[in-house]
Amino acid sequence: MATTRGQFAQLMAPGLHDIIFNDLDAQPEEYSQVFNVGPSSRAYEEEVLMAGLGSVPTKPEGEVLKMDDPIQGGSYRLTHQSYALGFQVTREMYNDDQYGKIKRVANDFSMSIKQTVEATSANILTNGFTATTGTITIDGATLFNTAHPLLNGATYSNRAATDISLSVSGLQEIILLFEKMVNERGLIKRSIPEMLVIPPDLQYVAGEILNSSYKPNTGNNEVNVMQGRLEPYMNHYLTSKTAWFVLAGKAKHFLQFFWREQPTFDNQDDFFTKGANFSTFFRFSVGAWYWHGAA
């Protein structure tokens with residue numbers, strides 16, 4: 001009788017793959033609540049910055065109207081990164097498993113995938129104040145910066161001059177930055193803040209601020225103007241316990257996640273160990289190509 005290839009791996013693969021996929025589906029995504037997620041069919045995705053026309057000047061009677069031209073800025077490229085991980089199940093483990101050990105390995109495998117996707121995305125916000133991969137925007141400045149250079153030669157700030165804790169007054173300061181935002185020509189281009197992204201440590205503070213009819217932690221009975229103003233989004237992968245972020249709606253900000261290849265799984269027998277090898281491979285890129293709509 002001929003020996004079939006992959007007999008051990010093929011016997012195990014369907015069950016383990018089902019566990020991995022089911023475990024991934026059972027865990028709610030957090031990165032997709034914040035980032036604009038889309039597919040990609042190229043090695044990288046690229047954006048180009050342009051400034052439109054300036055404000056309309058007066059035209060004296062009989063004189064020629066003034067002409068204007070758009071201004072082209074720099075470009076921004078998100079290059080997809082590859083990720084891969086494998087594990088091996090010995091034949092002895094498979095044959096003698098009485099306690100669901102193999103299933104636990106599969107669960108750990110799905111958790112590893114989720115951790116990479118979620119943590120890499122969350123780090124764009126966490127590291128948005130420092131110059132690291134994915135946090136330098138199309139204008140060459142960090143995502144959150146007090147001096148974003150505009151194509152008209154001016155600058156604009158989308159962060160507080162000094163770090164501020166999550167509070168009613170802190171939110172008011174950030175919302176004013178949204179209300180006064182300008183485009184690359186310096187013309188008012190209001191951005192409507194909608195999302196408050198917080199780590200688990202700030203969920204109770206955020207709840208008091210956004211749900212109280214009166215200002216929390218004060219006995220003055222002042223109306224809480226922040227009540228219901230923003231929608232809180234808790235992200236468990238933010239590494240700072242105190243950092244918080246305000247974003248416009250997803251269609252109005254520029255935090256982008258591209259799937260080049262979603263997680264795929266492979267399996268084969270190992271001739272020398274007689275075990276079965278399993279692996280996953282995926283590619284994605286994530287970053288902030290422009291600062292508008294984030295503070």
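Trainee: Which are the buried residues of H5?

Mentor: In this predicted model, helix H5 covers residues 168–179. Buried means under 20% relative accessible area. The residues of H5 that count as buried are Val168, Gly170, Leu171, Ile174, Ile175, Leu177 and Phe178.

Trainee: How far apart are the end C-alpha atoms of helix H5?

Mentor: Helix H5 has 12 residues, and at 1.5 Å a residue it should span 16 Å. The model agrees with this expectation, because the end C-alpha atoms are apart by 16 Å.

Trainee: Is Thr137 buried or exposed?

Mentor: Thr137 lies in the loop between helix H4 (101–126) and strand E5 (148–149). Beyond four places in sequence, Thr137 touches Tyr76, Thr142, Leu143, His148, Ala288, Trp289, Tyr290 and Trp291. Its relative accessibility is 3%, under the 20% cut-off. Thr137 therefore counts as buried.

Trainee: Which residues is Glu222 in contact with, leaving aside its neighbours within four places in sequence?

Mentor: Glu222 belongs to the loop between H6 and strand E8 (231–234). With 34% relative accessibility, Glu222 counts as partly exposed. Its contacts, apart from those neighbours, are Ser213, Tyr214 and Lys215.

Trainee: Which residues form a nonpolar patch on the surface?

Mentor: One of the members, Leu65, is found in the loop between strand E2 (44–51) and strand E3 (71–79). Together the members have about 400 Å² of accessible area. The patch is formed by Val64, Leu65 and Met67.

Trainee: What percentage of the contacts in the chain with a separation of 6 or more is accounted for by residues 24 or more positions apart?

Mentor: The chain contains 6 helices and 11 strands. Of its 295 residues, 41% count as buried. For the contacts in question, the share from residues 24 or more positions apart is 72%.

Trainee: Which element of the chain has the lowest mean pLDDT?

Mentor: The chain averages a pLDDT of 87, and 89% of the residues score at least 70. Over residues 1–6 pLDDT stays under 50, and the model has 2 contacts beyond four places in sequence for them. Where pLDDT is low, predicted coordinates should not be read in detail. Among the elements, E9 has the highest mean at 97, whereas the lowest, 66, belongs to helix H1 (residues 7–26).

How values were computed:
Residues are numbered from 1 along each chain as its sequence is written. This is a predicted model: local features need pLDDT of at least 70, side-chain atom pairs count only at pLDDT 80 or more; totals for chains, interfaces and linings use all residues. Side-chain values use heavy atoms; hydrogens and water are left out. Helices (H or I, at least four residues) and strands (E, at least two) are DSSP runs, numbered from the N terminus. The expected span of a helix is 1.5 Å times one less than its number of residues. Buried means under 20% relative accessible area, exposed over 50%, partly exposed in between (1.4 Å probe, protein chains only). pLDDT is the predictor's confidence in each residue, from 0 to 100. Contact means heavy atoms within 4.5 Å. Patches are made of residues with over 30% relative accessible area and no salt bridge: like charges are joined within 9 Å, nonpolar side chains (Val, Leu, Ile, Met, Phe, Trp, Tyr) within 5 Å. Accessible areas come from the Shrake-Rupley method with a 1.4 Å probe; for residues, only the protein chains shown count as cover. A salt bridge is a side-chain nitrogen of Lys or Arg within 4 Å of a carboxyl oxygen of Asp or Glu.
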